[in-house]
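Work through the exercises below with the sequence and the model at hand.

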Amino acid sequence: MNIDQLFDKVRTLPVIPRVLQALLHSFGNPDISSRALAQLISGDPALCAQLLRLANSARYHSPQTVSSALQAVQLLGLTNVRS
């Protein structure tokens with residue numbers, strides 16, 4: 001592979017979605033609220049679905065079905081959501 005081919009590949013690198021950029025930036029804020037974090041996560045349907053799937057998993061055995069990002073963030077806690 002020559003240098004021109006390498007630079008051509010740089011132009012095709014995937015871009016991080018804005019929601020994910022904002023979410024990663026928010027993790028540096030120790031004062032972020034559960035509500036604000038849930039709003040950010042709700043902006044990406046795939047990410048929100050993963051969070052809800054995790055919150056409803058047997059590992060967290062919630063007595064009720066978790067149906068919103070806010071409920072999931074509150075159940076899992078900020079540390080687990082960041083993970």
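**Exercise 1. Which residues have the most contacts inside the largest nonpolar core, and which elements give two or more residues to this core?**

Step 1. A nonpolar core is here a set of buried Ala, Val, Leu, Ile, Met, Phe, Trp, Tyr and Cys residues joined through side-chain atoms within 4.5 Å, where buried means under 20% relative accessible area, exposed over 50% and partly exposed in between, with a 1.4 Å probe and protein chains only.

Step 2. With that criterion the largest such core holds 17 residues, and L37, I41, L51, A72, V73, L76 and V81 are those with the most contacts inside it.

Step 3. Two or more residues come from each of helix 3 (34-42), helix 4 (45-55) and helix 5 (69-76), and helix 5 gives the most, namely 5 residues. Helices (H or I, at least four residues) and strands (E, at least two) are DSSP runs numbered from the N terminus.

Step 4. The model is predicted, so that local features need pLDDT of at least 70 and side-chain atom pairs count only at pLDDT 80 or more, while totals for chains, interfaces and linings use all residues. Residues are numbered from 1 along each chain as its sequence is written, and side-chain values use heavy atoms, with hydrogens and water left out.

**Exercise 2. List the residues that L51 is in contact with, leaving aside neighbours within four places in sequence.**

Step 1. Contact means heavy atoms within 4.5 Å.

Step 2. Once those neighbours within four places are set aside, L51 is in contact with I41, A69, A72, V73, L76 and V81.

**Exercise 3. Describe how helix 4 packs on helix 5, giving the angle, the handedness and the residues that meet.**

Step 1. Axes are lines fitted to C-alpha atoms, for helices over the stretch in contact, and angles run from 0 to 180 degrees between N-to-C directions; for helix 4 and helix 5 the angle is about 50° and the axes are 9 Å apart.

Step 2. Angles under 35 degrees count as roughly parallel, over 145 as roughly antiparallel, 65 to 115 as roughly perpendicular and the rest as oblique, and helix 4 and helix 5 are therefore oblique to each other.

Step 3. Helix 4 passes helix 5 in a left-handed crossing; a crossing is left-handed if the near helix is turned anticlockwise from the far one by less than a right angle, and right-handed if clockwise.

Step 4. On the helix 4 side C48, L51, L52, L54 and A55 meet A69, A72, V73, L75 and L76 of helix 5.

Step 5. This contact has 10 nonpolar, no polar and no charged residues, where Ala, Val, Leu, Ile, Met, Phe, Trp, Tyr, Cys and Pro count as nonpolar, Asp, Glu, Lys and Arg as charged, and the others, Gly among them, as polar.

**Exercise 4. Carry out the analysis for helix 3 and helix 5.**

Step 1. These two helices pack at an angle of about 125°, with their axes 8 Å apart, which makes helix 3 oblique to helix 5.

Step 2. The crossing of helix 3 past helix 5 is right-handed.

Step 3. Helix 3 makes the contact through S34, R35, L37, A38, I41 and S42, and helix 5 through A69, L70, V73 and Q74; by class these are 6 nonpolar, 3 polar and 1 charged residues.

**Exercise 5. Where is H61 placed, and what is its phi?**

Step 1. H61 is in the loop between helix 4 and helix 5, and at 62% relative accessibility H61 counts as exposed.

Step 2. The phi of H61 is positive, about 20°, although H61 is not a glycine.
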